[in-house]
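Subject: Structure handover

Hello,

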Amino acid sequence: MTDGPPVKIAIIGSGPAGFYTASALLDSCKTCLIDIVERLPTPYGLIRGGVAPDHQTTKRVAKKFEKTALEAGINYYGNVEVNKDVSLDEMRSLYDAVMLAVGAPADRVLGIPGADKQGVLGAAAFVGWYNGHPDFRELDPDLNVEAVCVVGNGNVALDCARVLSRSPRGMAYTDLPDHVRDAITEAPLTDIYMLGRRGPVNAAFTNVELRELGELTLAEPVVKAEQLPDDPEAALASYEKRERRVRGRNLETLADYAARPPAGKPKRLHLEFFASPVEVLGGERVEGLRCERTEVVDGRATGTGETFDIPCGMVIAAIGYRAEPIAGAPYDEKRGIIPNDDGRVEPGLYAVGWIKRGPTGVISSNRPDGEIVAEQIGADTGGVGDAAKAGRQGLEALLRERGQRWVTFEDWRRLAAMEVAAAGEHAPRRKFTTVEDMLAALDQDAKGDSMNKPKPPRAEDGAYAGDKTPQETWEALADASGAVLVDVRTDAEFAYVGVPDLAGLGKETKFAPWVLFPGGDANPNFMEQLKAAQPDPEKPVLFLCRSGVRSRFAAAAATLAGYTNCYNILEGFEGDKDPDGHRGTVGGWKVAGLPWTQG
Ligand code: NAP
């Protein structure tokens with residue numbers, strides 16, 4: 001590298017493409033100053049917000065990215081959105097080179113009649129929701145449905161279908177947010193349909209991911225043997241060797257699924273091929289999906305005119321992603337990318353990752369993008385920066401002037417430590433899911449008031465659990481004379497937690513009678529049985545639930561029916577926390593009456 005002012009580079013976006021580029025730049029240019037600008041306080045893009053929460057091994061690459069971020073010469077500016085807090089033109093005026101690494105966050109549109117009905121979601125939204133992405137914290141998809149159709153045959157479709165099928169135990173080992181875990185656990189979902197518009201040979205998913213479907217505790221894959229090719233070799237003949245091998249494995253796995261006798265698991269995951277969605281059925285809400293049977297002609301799905309309907313309450317379109325336009329950069333509307341010449345958009349502006357080449361490939365596919373563009377920047381700048389470019393000092397001055405708070409990498413590491421400390425026993429972390437919570441936690445931490453300290457009880461729920469230990473909570477409740485314990489957990493949760501332990505606990509704490517209401521207030525005999533078990537509406541009724549949400553509904557229903565002394569009891573496994581963050585095996589709080597709010 002030549003002597004002179006350092007080359008100042010801004011990488012916009014801190015996902016894999018951004019970090020691989022930062023790493024390539026560090027290798028090729030020791031004196032470069034690199035600033036990673038990210039709109040969320042949290043880094044790592046799709047690693048945190050896209051890779052499924054039950055694929056923690058894939059997320060480990062973040063450790064590598066962390067090492068890169070800690071290298072001298074790299075600064076991180078989280079919570080700064082280019083296009084909003086600062087414009088692309090301003091960034092270009094401050095830096096010698098600006099790299100767009102913002103991915104493809106929008107969904108490809110399912111352009112069929114009825115696609116605007118409630119209950120039709122794009123995968124970007126659904127994946128963001130189950131990954132605790134702040135943009136989708138309020139998505140609140142109505143999972144009170146028995147069947148879901150997932151359109152698409154890629155790995156994202158598989159992710160959506162698999163996450164919906166996970167058992168409570170499976171979810172305990174993930175960083176799936178509590179509200180998502182509760183929604184999935186409570187859902188009466190029995191059938192998930194994954195629809196490929198072409199055949200099994202053409203599916204875009206990969207074999208490791210397909211095989212995972214066969215290992216789920218609460219769900220079993222269902223494949224129609226007649227949809228598989230009679231002669232796999234002939235069906236694969238047009239593919240080159242590697243593709244033939246990869247797709248051949250998929251066919252073997254699908255044949256294995258087709259041959260399996262029904263296992264009677266509570267959820268079925270149907271892999272339906274030659275099915276192209278043509279209309280979403282229903283009124284305001286989704287009630288079904290009409291599909292046209294297809295055949296594959298010259299590699300393309302061709303309609304046969306025959307249609308069939310799949311009743312379902314939700315449709316997730318996992319049919320690929322698109323980049324979004326950025327003011328100040330060109331945009332190829334048709335391809336949904338920024339037009340570029342192998343990464344170079346125009347002198348001083350570059351693109352890497354999905355915004356460069358579209359939403360394809362795995363995480364490491366981003367590495368060569370970074371290497372190519374690092375070479376281009378070297379060639380375009382000659383390794384010497386423009387002394388007139390203010391770089392990070394200019395960016396910070398602009399942000400200060402606008403009152404825009406930024407999050408440093410050290411701040412992020414503090415947030416990450418809080419997430420790890422707040423996690424359940426087996427979970428890797430318990431994510432912050434709103435930007436406000438992240439910033440507030442940083443403020444509290446700065447005052448020495450860490451998130452991990454017990455939180456005060458919520459006023460609207462009455463002061464029951466507070467800072468009591470689980471044992472104290474139980475003892476206090478056991479003193480409530482004449483209490484009835486109502487157990488609203490599902491069968492799956494019984495199997496998971498182990499009934500004998502709880503039965504023992506019930507005896508110890510003198511609750512009599514112990515009433516089981518699987519399904520809680522959704523059980524048609526709920527109120528009748530409650531009245532029989534606890535005829536005096538002024539005596540205490542204690543509602544026990546695995547996660548707390550269903551017991552709140554049941555307690556609310558009882559409160560409405562005149563029961564004035566209802567308590568919510570959370571029964572979690574060791575290290576679990578109630579919705580207020582109280583750690584322990586059992587927590588409880590009094591339902592203060594209606595209206596009540598869900599935490
Ligand atoms: P994808 O692999 O491109 O799959 C998109 C699917 O949607 C294809 O099956 C496609 O069918 C179908 N499709 C497109 N338009 C459709 C329409 N109008 N109607 C019905 N079906 C339609 O995309 P993706 O699943 O979003 O994944 C994006 C990238 O991330 C991929 O490279 C994927 O491998 C990667 N990824 C990897 C993992 C992992 O490794 N575990 C996890 C998630 C994502 P056709 O083939 O007929 O067009």
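At what angle do helix α1 and helix α14 pack, and how far apart are their axes? Helix α1 (residues 16-28) and helix α14 (residues 366-381) pack at about 45 degrees, and their axes are 8 Å apart.

Before the rest, the conventions. This is a predicted model, in which local features need pLDDT of at least 70 and side-chain atom pairs count only at pLDDT 80 or more, while totals for chains, interfaces and linings use all residues. Residues are numbered from 1 along each chain as its sequence is written, and side-chain values use heavy atoms, with hydrogens and water left out.

Helices are DSSP runs (H or I, at least four residues), numbered from the N terminus. Axes are lines fitted to C-alpha atoms over the stretch in contact, with angles from 0 to 180 degrees between N-to-C directions.

**α1 and α14**

The angle makes α1 oblique to α14 (roughly parallel is under 35 degrees, roughly antiparallel over 145, roughly perpendicular 65 to 115, and oblique the rest). The crossing is right-handed (the near helix is turned clockwise from the far one by less than a right angle; anticlockwise is left-handed). Contact (heavy atoms within 4.5 Å) involves residues including Tyr 20, Ala 24 and Leu 25 of α1 and Gly 370, Val 373 and Ile 377 of α14. By class, this contact has eight nonpolar, four polar and two charged residues (nonpolar: Ala, Val, Leu, Ile, Met, Phe, Trp, Tyr, Cys and Pro; charged: Asp, Glu, Lys and Arg; polar: the others, Gly among them).

**α1 and α4**

α1 also crosses helix α4 (residues 61-69) at roughly 45 degrees, the axes coming within 10 Å. That makes α1 oblique to α4, and this crossing is left-handed. On the α1 side, Pro 16, Phe 19, Tyr 20, Ala 22, Ser 23 and Leu 26 take part, meeting Val 61, Phe 65, Thr 68 and Ala 69 of α4. Eight of the contact residues are nonpolar, two are polar and none is charged.

**Cysteines**

A search of the whole structure finds one disulfide (a pair of cysteine sulfur atoms within 2.5 Å). The disulfide joins Cys 29 to Cys 32, with S to S 2.0 Å. The torsion about their S-S bond is about 100 degrees, so the disulfide is right-handed. Both Cys 29 and Cys 32 are buried (under 20% relative accessible area, with exposed over 50% and partly exposed in between; 1.4 Å probe, protein chains only).

The sulfur of Cys 291 has its closest cysteine sulfur in Cys 149, at 6.2 Å, too far for a bond. Cys 291 counts as buried, at 0% relative accessibility. Cys 312 is in no disulfide either, with the sulfur of Cys 149 the nearest at 3.7 Å. Cys 312 is buried, at a relative accessible area of 6%.

Regards

How values were computed. Helix = DSSP H or I, 4+ residues; strand = E, 2+ residues; numbered from the N terminus.
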